Amino acid sequence: MSQQKQSRLKVYNTLTRHLDDFEPIHPGRVNMFVCGPTVYDVSHIGHGKSYVAYDIIARYLRKKGYSVFFVLNITDIDDKIINRAKESKEDPLKLSERYAQAFYKDMKDLHVNSINLYAKASEYIPEIINQIKGLVDKGIGYKIQGGVYYDISKFPEYGKLSRQNLEQLTVHRVDPDPEKRNPGDFVLWKHQKPGEIAWDSPWGKGRPGWHIEDTAITLTHFGPTYDLHGGGTELIFPHHEAEIAQAEGLTGKKPLAKYWVHTGLLSIKGQEMHKSLGNFVPIQEAIQKVGVEALRVLYASTHYRSPLDYTEDTLVQAASLARRFRRAYDQVQIAVGLKSEGKDQPSTLKRQVDEARTEFFTAMDDDFNTPRALAAYIRIVGIAEEQGRLLSAESAVMLLETMKELSSILGLLETDSVPRREFLELVNMLTSLRNELRAKREYALSDRIREQMQKAGVIVEDEAK
Ligand SMILES: [Zn+2]
């Protein structure tokens, strides 16, 4: 642990446009919120990129010793959901519940296991209404025919996250409505249209705007300020800007979130992914095709802030790297099981592995630089491959522990195909059987056993006959 404590974590903060030292508001504790999906359809590999990135960030923060409370919201009531439900003549909340369940399965299958709480907007209606009431009482929120709106002229810092001035901000005309005080004012509460799902409120029946969900959820669980807010870069404006205006305008406490962290988008052969373009790849389809390990290697091979272009080539490369990791790991596990005396020099090996391990942590401390961390991990895999059967049990244990430690941060090697104890015993038995055969010069039979072992992924190197 001492090694990790020495270097300091730096995080690129969209709010400051700077690589900031990471110091949570309360020492040792990190409250983290990430914008989740609007559940009206299945999630695609672009969503996967973002959620795996935050999963690695949360895993790494925990590895650094922080107690992390990670909340991800689920937008389960929204125009897109209502429109989709109309098409399929379904209840909108039933439709969104179905896709929420599919999303939880996607996250489970992607090994995104660091989220503490999925918060559904529809379960926070009283908190949302309370927040809007507070804004109306302060004269920041106002009611017109269409609903309750936020008066952006009442919050002088509006635009500080996306670095836009009021003039630039008013160019974005959201919800054109002549009754609005400013063209850039955004909706807090939408009045019910005929036949639409609605909740009672002091302003009549209606439903929440999109931005207010997040601040109602974070105020409930974290209070007025918290440590880290994540989401895709496309959410900086207006969504995250609006969140800041709502929360800071209401509570007067700032910053709403100390670190604003944004992920780059995924494209397919340079194009945006869209159902209409026929290039939409659902997470489940990708997992079935290449497996979760390959997908996570693919995601980790690009820095979270960078865009990732998804092509057959990059996928094939990631899949072959994932297989290589698995083979090396299994081989080291077998070496541990064989309890071989080996011919390596444990102290030299340990130094090499420690260097690579330190590089891994240095890379992660540098704004979660997973491509560099992955390169350090590949160095360790290379050491394991090079040693092969020469590996002593002592070195094998050291390698295995390091590989387990680092892969648990990237979320790799978490599938079930780890060799079972019975398999290791079988390998042990076959190895001693071969030694006996070779002592009796029964090479044909011992070679046949070796071939079969190699087919099962166990590499056997013999000394000269
Ligand atoms: Zn959000």
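Here are some exercises on this structure, each with a worked solution.

This is a predicted model, in which local features need pLDDT of at least 70, side-chain atom pairs count only at pLDDT 80 or more, and totals for chains, interfaces and linings use all residues. Residues are numbered from 1 along each chain as its sequence is written.

**Exercise 1.** Find the domains, and say how many Å separate the centres of domain 2 and domain 3.

*Solution.* Start with the bounds, which come from an automatic or database domain assignment. They give domain 1 (2-300), domain 2 (311-410) and domain 3 (421-455). Now take the centres over C-alpha atoms: those of domain 2 and domain 3 are 26 Å apart.

**Exercise 2.** Work out the strand order of the open sheet of five strands, then look at how β4 and β5 pair.

*Solution.* First, the terms: strands (E, at least two residues) and helices (H or I, at least four) are DSSP runs, numbered from the N terminus. Two strands pair if DSSP finds at least two bridges between them. Reading across, you get β5-β4-β3-β10-β11, with parallel pairing. The edges are β5 (117-120) and β11, each pairing on one side only. On average, neighbouring strands here are turned by 25° against each other, direction ignored. That angle is taken between N-to-C directions on a scale from 0 to 180 degrees, with axes being lines fitted to C-alpha atoms, for helices over the stretch in contact.

Next, zoom in on one pair. Strand β4 (residues 67-74) runs parallel to β5, and four bridges link them. In one of these, Val 71 has Leu 117 of β5 as its partner.

**Exercise 3.** Describe how helix α5 (residues 125-137) and helix α8 (residues 236-251) cross.

*Solution.* Begin with the axes: they come within 9 Å and cross at roughly 65°. Then the hand: this crossing is left-handed, meaning the near helix is turned anticlockwise from the far one by less than a right angle (clockwise would be right-handed).

Now the residues. Gln 131, Gly 134 and Leu 135 of α5 meet Gln 246, Gly 249 and Leu 250 of α8, where contact means C-beta atoms, placed from the backbone, within 7 Å. Sorted by class, that contact has two nonpolar, four polar and no charged residues. For the sorting, Ala, Val, Leu, Ile, Met, Phe, Trp, Tyr, Cys and Pro are nonpolar, Asp, Glu, Lys and Arg are charged, and the others, Gly among them, are polar.

**Exercise 4.** Why is helix α10 (residues 292-300) said to be largely enclosed?

*Solution.* Check burial first: a residue is buried if 20 or more other C-beta atoms, placed from the backbone, lie within 10 Å of its own, exposed if 12 or fewer, and partly exposed in between. Nine of the nine residues of α10 are buried, so the rest of the structure largely encloses this helix. Among them are Val 292, Arg 296 and Tyr 299. The cover includes α2 (45-63), α4 (92-109) and α11 (312-338).

**Exercise 5.** Arg 17 and Phe 368: buried or exposed?

*Solution.* Take Arg 17, in the loop between β1 (10-13) and β2 (18-21). Arg 17 is no glycine, yet phi is positive at about 55°. With 10 other C-beta atoms within 10 Å, Arg 17 is exposed.

Then take Phe 368, in the loop between α12 (346-365) and α13. Phi is positive here too, at about 50°. Phe 368 has 25 other C-beta atoms within 10 Å, so this residue is buried.

Note on methods. Two residues are in contact if their C-beta atoms, placed from the backbone, lie within 7 Å.
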